[in-house]
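Me: Please take a close look at one part of this model, the interface between its chains. Walk me through what makes it up.

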Amino acid sequence: MDWEALIVSYLLGFVLLNILLVLMAYMTWFERRLVAFFQDRIGPNRTGPFGLLQPIADGVKLISKEDIVPANADRLIFLVAPLLSFVLAPLGALVVPFGDSITLFGRQINLYVIDINVATLYFLAVGSMGVYGIILGGYASGNRYSLLGALRSTAQVISYELVLGLSLVGIFILTGSLSLVEILRAQQRTLILGGLELPNWFILSQPLAFVLFLIAAVAETNRAPFDLPEAETELIAGYFTEYSGFRFSFYFLAEYINMIVVSLIAATLFLGGIDGPFIDGIWWLVAKAFIFLFFYVWLRATLPRFRYDQLMGLAWKVLLPLALINIGVTGLVRLWGIGAL
Amino acid sequence: MAIEVLIFYLLAGVAIAAAAGVVLARNPVHSAVSLVLSFINVAAIYVVLRAEFLAVAQIIVYTGAIIVLVLFVLMLVQQQDLPEFHGGRPLRRAVGFLLGLALLAEVAAAILTRSLRGAPGSWTPEAVAAVGGNIQAIGRELYSAYMLPIQATALLLLAATIGALFLARPELVEERLAVARRLFTISLAHPRGVDTLQPVAELPAPQDGQLKPAGGDRSLVMARTAEEFTEQPAWGESRR
């Protein structure tokens with residue numbers, strides 16, 4: 001067993017998770033400022049320069065609040081559910097490649113925590129586990145609104161997970177691999193269309209899959225316009241109505257970490273990850289993920305919430321057939337050797 | 001190698017303890033959560049055995065979909081409508097006990113006589129690595145040697161889907177037509193099913209004698225001072 005490589009992997013994972021935690025706090029600041037500008041307000045600008053210390057103030061506030069457990073709550077599950085959400089959220093980022101191998105101090109160091117041959121499926125599996133935090137939290141609160149929020153989220157996440165998974169099958173057909181590192185390498189080639197030389201990013205060869213992935217990812221992270229599990233106008237707040245203090249903040253943070261992880265994965269799968277003009281590097285990945293994060297906030301500031309039956313109808317009657325058609329067409333193209341690598 | 005064996009025993013121990021929790025928990029939701037824990041540990045054992053694809057498939061299919069559906073049903077059903085898991089009639093308990101004992105004996109016999117082990121297959125770790133990983137190995141095997149079972153399973157699932165649609169369909173022809181009409185109607189104004197809104201009959205105007213205060217029969221409470229409203233003393237203030 002290569003102990004040094006294992007330790008390097010652990011260290012990289014540790015650093016990555018910590019960076020994610022800081023980024024997630026600043027994602028809340030970014031969103032509040034941006035939504036404020038969309039709505040012609042100013043947003044938090046009092047705590048520190050440009051309100052940059054606001055996330056820290058929020059954190060201190062949430063930690064110092066009372067942790068209330070309702071009298072008819074299922075106590076153990078109620079206490080564990082937010083932790084489950086929070087712990088599972090950043091795990092998906094562990095398979096994102098932040099670069100290829102470099103040689104440092106005479107040994108080869110990979111700029112990714114781990115390259116497993118089922119990385120994409122691992123990301124989907126972690127996402128499908130994350131829903132337990134919501135379901136169990138809603139159930140354990142002993143509150144009907146929370147239960148309704150949990151039920152909605154169950155149906156929503158199961159439906160959109162299917163679309164999310166199927167939208168990626170086209171990429172698997174084109175690369176012949178489920179490993180994110182392999183998918184990244186496939187995208188670093190050049191695509192020649194007549195006289196044009198384009199990067200082989202999958203947004204160009206799989207545009208339909210990209211749109212489907214984007215829609216399903218927004219639904220999977222319970223963000224507007226698919227934020228029905230926490231529809232405050234209908235359900236008070238949905239599954240986290242009864243939560244307060246730092247347990248509430250765990251749900252909140254899990255949502256933001258999920259957004260960042262999904263943005264990183266989407267940038268790697270469809271926009272070529274670290275591949276870019278001039279010099280390849282992590283900055284391209286960050287810039288691309290930033291585009292997705294901006295898109296998330298933009299959606300939230302622009303679109304009203306879906307109605308529940310529209311949400312399910314969209315998934316099962318529109319997105320799922322489109323995803324299946326995409327798989328069929330991609331398979332045929334690969335079979336006839338047009339897009340063969 | 002020793003570390004892998006140690007990890008296996010840890011995972012297997014937790015999996016078995018969680019499986020016992022499934023049977024012993026009185027609350028069905030707790031049972032389902034224990035089952036999730038057990039499945040995750042089994043998936044981790046697959047990872048130790050270098051079967052990553054199987055592990056991820058186990059998590060996506062069993063914990064991500066099936067147990068979520070189980071929880072979904074448990075939440076829709078009222079707690080008191082759930083069947084009694086513990087106790088019951090003496091005959092039922094005796095039969096259950098005997099069946100459990102028989103299963104235990106079977107499994108123990110299979111393990112003790114080592115008849116479960118069988119001959120090693122052709123997919124050695126080297127053969128799996130040669131085709132590029134266990135996804136490729138499973139894919140090759142499934143779509144060549146096991147083609148007929150795969151297609152039979154697909155047919156079975158298709159039949160089950162059609163059966164579910166058949167069971168969920170409305171009873172009357174008119175209702176079916178109405179559903180079909182609604183499916184192809186995009187209504188932005190009304191929720192589904194009320195595309196033909198009937199005007200609501202107006203309530204009769206109340207007579208003078210029927211008018212009641214909104215508070216019901218509760219008598220009005222007059223507070224003379226602000227302190228009478230306060231039930232709890234404020235921070236640092238002593239209770240009067």
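Reply: Contact here means heavy atoms within 4.5 Å. The model is predicted. On that cut-off, chain B puts 33 residues into the contact and chain A puts in 28 residues.

Start with the area. About 2400 Å² is buried between chain B and chain A. Carbon and sulfur atoms give 73% of that area.

Next, the specific pairs. One residue pair is in polar contact between chain B and chain A, with both residues at pLDDT 80 or more.

Which elements supply the side of chain B that touches chain A? Those giving two or more residues are α2 (28-48), α3 (52-76) and α6 (134-142) of chain B. Of these, α3(B) gives the most, with 15 residues. By class, this side of chain B holds 21 nonpolar residues, ten polar and two charged.

Now a helix pair within chain A. Helix α8 (residues 207-220) of chain A and helix α10 (residues 245-270) of chain A have axes that come within 11 Å. These axes cross at roughly 175 degrees. Angles over 145 degrees count as roughly antiparallel, and α8(A) and α10(A) are therefore roughly antiparallel to each other.

From α8(A), the contact is made by A:A209, A:F210, A:F213 and A:A217. From α10(A) come A:V262, A:I265, A:A266, A:L269 and A:F270. The contact of α8(A) with α10(A) has nine nonpolar residues, no polar and no charged ones.

Methods:
Residues are numbered from 1 along each chain as its sequence is written. Chains are lettered from A and ligands numbered from 1 in the order in which they are written. This is a predicted model: local features need pLDDT of at least 70, side-chain atom pairs count only at pLDDT 80 or more; totals for chains, interfaces and linings use all residues. Side-chain values use heavy atoms; hydrogens and water are left out. Buried area is the accessible area (1.4 Å probe) that two parts lose on being put together, summed over both. A polar contact is a pair of N or O atoms within 3.5 Å; within protein, one must be able to donate a hydrogen and the other to accept it, and residues adjacent in sequence count only if both atoms are side-chain atoms. Helices (H or I, at least four residues) and strands (E, at least two) are DSSP runs, numbered from the N terminus. Ala, Val, Leu, Ile, Met, Phe, Trp, Tyr, Cys and Pro count as nonpolar, Asp, Glu, Lys and Arg as charged, and the others, Gly among them, as polar. Axes are lines fitted to C-alpha atoms, for helices over the stretch in contact, and angles run from 0 to 180 degrees between N-to-C directions. Angles under 35 degrees count as roughly parallel, over 145 as roughly antiparallel, 65 to 115 as roughly perpendicular and the rest as oblique.
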